Amino acid sequence: MARIGFVGLGNMGGPMARNLLKAGHDVTGFDLSAGALAAFAAAGGTRAGSAAEATVGAGFVITMLPAGRHVRDAWLGVGGQGGGMAAAAGPEAILIDCSTIDVATAREVAAAAGRPMLDAPVSGGTMGAEGATLTFMVGGPDDAYAAATPILSAMGRSIVHCGGAGAGQAAKACNNMMLAANMIVTAEAFVLAEKLGLTHQALFDVASKSSGQSWALTSYCPVPGPVPASPANRDYKPGFATALMAKDLGLAQDAAATAGAVTPLGVEALALYRRFLEAGNGDVDFSGIIGMLRGMTER
Ligand code: NAD
């Protein structure tokens, strides 16, 4: 069993660390939130007094933090001034960042860390984190990926090596841009169906077996009824919150701008999700955007 340092024990990191404990690993954790740290300790984890302390003696060091600036500061020290976790970890330790951050920061931190580092963002949300059914999209060297696979397997069901540093974040940005555009057009189709006098169930029964089929429709249907487990059946309680979708679409647009890729639907999806977010829906599931679309009278 491995000795693992885990920093960032929030909605995702908390259950992920608990699954590592359940698998028999020795996990030392740190979070700025006393509540998150207490919940981790109650589940059998060892508390550290700082992020750097959590790395001591660890074979694997994992972060699950909100955004790129937190990840850069945690690994490289605040303002890149040193004193971060990369310097504190032992020379053999494999560093893994599971946060969703921009591709450029992931590459910068991996290059500056001076040892094998993986970017390994996830999809599957808090339910996937609880149930150890996450998908990991991994960027980084082959040997570090091979060594980390058994650790990631304790937290997820599907683990994909996407390429070198930053490739995991690139895959996540591309995937979520596809998801957002699929969700918006699926919701638009239900609104159009309503205006045409077509029932939700009839559209679902046709499109789920036709070329309009998508995960947004068949697993996450934005109207109540056809898919009982979808957030639409519980007043759009997340699930996957709009604030996180807007964040991920912003990361996709940062990546597109840096890479010189033209993504018109990605631009439009970001604009629509920002509009929904700014109307006070950050905590609403991203499929709830159907309510905004239904109320729109012009573009
Ligand atoms: P969260 O806000 O619940 O957890 C983040 C934790 O990091 C908090 O407990 C916070 O106190 C802690 N933290 C922040 N800075 C710290 C520091 N310097 N040192 C120690 N702890 C620090 O967020 P979350 O929902 O767990 O998301 C984490 C990451 O996972 C994000 O990048 C998010 O985009 C990504 N993600 C989230 C979901 C989801 O459904 N929640 C799904 C996929 C990916």
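Guide: This is a predicted model, and the chain is divided into domain 1 (3-164) and domain 2 (171-295).

Visitor: How far apart do the C-alpha centres of domain 1 and domain 2 lie?

Guide: The separation of those centres is 29 Å. The two domains are in contact through nine residues of domain 1 and eleven residues of domain 2. On the domain 1 side, the residues that touch domain 2 comprise five nonpolar, three polar and one charged.

Visitor: Why is the ligand said to lie between domain 1 and domain 2?

Guide: Domain 1 and domain 2 both contribute residues to the shell around the ligand, so the ligand lies between them.

Visitor: What makes up that shell around the ligand?

Guide: The ligand is surrounded by 27 residues, and the closest are Gly8, Gly10, Asn11, Met12 and Thr100. Two or more residues each come from H4, strand E7 (122-123), helix H7 (125-131) and helix H12 (242-259). By class, the shell has 14 nonpolar, eleven polar and two charged residues.

Visitor: Why are H4 and H6 called roughly parallel?

Guide: The axes of helix H4 (residues 68-76) and helix H6 (residues 103-113) cross at roughly 5° and come within 10 Å. Angles under 35 degrees count as roughly parallel, and H4 and H6 are therefore described that way.

Visitor: Which residues make the contact between H4 and H6?

Guide: H4 supplies Gly68, Val71, Arg72, Trp75 and Leu76, while H6 supplies Thr105, Val109, Ala112 and Ala113. Six nonpolar, two polar and one charged residues form this contact. Gly is counted among the polar residues and Arg among the charged.

Visitor: What is the phi of Ala132, and where is Ala132?

Guide: Ala132 has phi near 55°, which is a positive value in a residue other than glycine. Ala132 belongs to the loop between H7 and strand E8 (134-139).

Visitor: How confident is the predictor in the chain?

Guide: The average pLDDT of the chain is 96, on a scale from 0 to 100. A score of at least 70 is reached by 100% of the residues. The model also has an ipTM of 0.99 and a pTM of 0.94.

Conventions
Residues numbered from 1 in each chain as written. Predicted model: local features only at pLDDT ≥ 70, side-chain atom pairs only at ≥ 80, totals over all residues. Axes fitted to C-alpha atoms, helices over the stretch in contact; angles between N-to-C directions. Helix = DSSP H or I, 4+ residues; strand = E, 2+ residues; numbered from the N terminus. Parallel < 35°, antiparallel > 145°, perpendicular 65-115°, else oblique. Contact = placed C-beta atoms within 7 Å. Domains from an automatic or database assignment. Near = placed C-beta within 6 Å.
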